[in-house]
Amino acid sequence: MTETQQRRDVGPPGSGSDEKSTLTAFLDYLRDAVAAKARGLDDEKGRTPGVPSGTSVLGLVKHLTAAELYWFAWAFEGADIAHPDFGMELTAEDDADTLLAAYRAAVERSNEIIARCDDVTRPCARAAGKADVVHTLRWVLVHMIEETARHAGHADILREQADGVVGR
């Protein structure tokens, strides 16, 4: 793609039949937006920070992978996993393919956890977050929509800075 080319934008999902399916559809829509920003971006450009804080497209993918694991597996389900590192620092082993595969796996795991819960008012197994509060699945879904949407916007800008690609 050249600098002037755009990716086709995809509109948000339609109405779901219930609250959980609506929230999950919007979260999946945003997850796909983040992954789309990282796909096709070479590793060097994907690792290059676009802002003084050091944020990069691939760093955002790494961060969102940790957020998926933290909120759905560790906090909500209570899985016996290591507390995820929310940092965006990349190691020498981190490349676009590996990071996107890890993100896809975390999203699949999260969606399996969500699917097993029939009540969005069910509380998390663990207190979590900066306030160390026991939240509900509804809160976790809304928080992850907010978190993923914010970083999808960041990724959109960083991708345009990296190689000129705009749109979804």
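Predicted model: local features only at pLDDT ≥ 70, side-chain atom pairs only at ≥ 80, totals over all residues.
Residues are numbered from 1 along each chain as its sequence is written, and side-chain values use heavy atoms, with hydrogens and water left out.

Aromatic pairs were assigned among the rings of Phe, Tyr and Trp (the six-membered ring for Trp) when the ring centres lie within 6.5 Å; planes under 30 degrees apart count as stacked, those over 60 degrees as edge-to-face, and the rest as tilted. In one of them, the ring centres of tyrosine 70 and phenylalanine 86 are 5.1 Å apart and the planes stand at 75 degrees, so the arrangement is edge-to-face. Tyrosine 70 belongs to helix H3 (residues 57-77), whereas phenylalanine 86 is placed in the loop between H3 and helix H4 (96-116); the pair therefore ties together parts that are 16 residues apart in sequence. Helices here are DSSP runs (H or I, at least four residues), as strands are (E, at least two), and they are numbered from the N terminus.

The exposure of each residue was classed by relative accessible area, with buried under 20%, exposed over 50% and partly exposed in between (1.4 Å probe, protein chains only). Tyrosine 70 is buried at a relative accessible area of 6%, while phenylalanine 86, with 29%, is partly exposed. A further aromatic pair, formed by tryptophan 71 and tryptophan 139, is tilted, with 5.2 Å from centre to centre and 55 degrees between the planes. This pair links distant parts of the chain, as tryptophan 71 lies in helix H3 and tryptophan 139 in helix H5 (residues 137-163), 68 residues apart. Tryptophan 71 has a relative accessible area of 6% and is buried; tryptophan 139 has 35% and is partly exposed. Tyr70, Trp71, Trp74, Phe86 and Trp139 together form one aromatic cluster.

Helix H3 also contains phenylalanine 76, which is buried with a relative accessible area of 2%. Contacts were defined by heavy atoms within 4.5 Å. When residues up to four places away in sequence are not counted, phenylalanine 76 touches Trp71, Ile113, Cys117, Arg122, Pro123, Cys124, Ala125 and Leu137. The C-alpha atoms of phenylalanine 76 and alanine 125 are separated by 5.2 Å, although the two residues are 49 residues apart along the chain.

Nine salt bridges are present in the structure, each being a side-chain nitrogen of Lys or Arg within 4 Å of a carboxyl oxygen of Asp or Glu. One of these joins arginine 31 to aspartate 28, with the closest N and O atoms 2.6 Å apart. Both residues, arginine 31 and aspartate 28, are located in helix H1 (residues 19-38), at a spacing of three residues, or about one turn of the helix. Arginine 31 is buried at 2% relative accessibility, whereas aspartate 28 is partly exposed at 24%. Arginine 31 also meets glutamate 68 in a salt bridge, at 2.8 Å from N to O. Distant parts of the chain are linked by this pair, with glutamate 68 in helix H3 and arginine 31 in helix H1, 37 residues apart. Glutamate 68 is buried, its relative accessible area being 1%.

Glutamate 147 is buried, at a relative accessible area of 8%, and arginine 150 is partly exposed, at 39%. Through salt bridges that share partners, Asp28, Arg31 and Glu68 are joined into one network.

The cysteines were examined last. A disulfide is a covalent bond between the sulfur atoms of two cysteines. With a disulfide taken as a pair of cysteine sulfur atoms within 2.5 Å, the count is zero. Cysteine 117 is in no disulfide, and its nearest cysteine sulfur, that of cysteine 124, is 9.6 Å away. Cysteine 117 is buried at 1% relative accessibility. Cysteine 124 is likewise in no disulfide, the nearest cysteine sulfur being that of cysteine 117, and at 6% relative accessibility cysteine 124 is buried.
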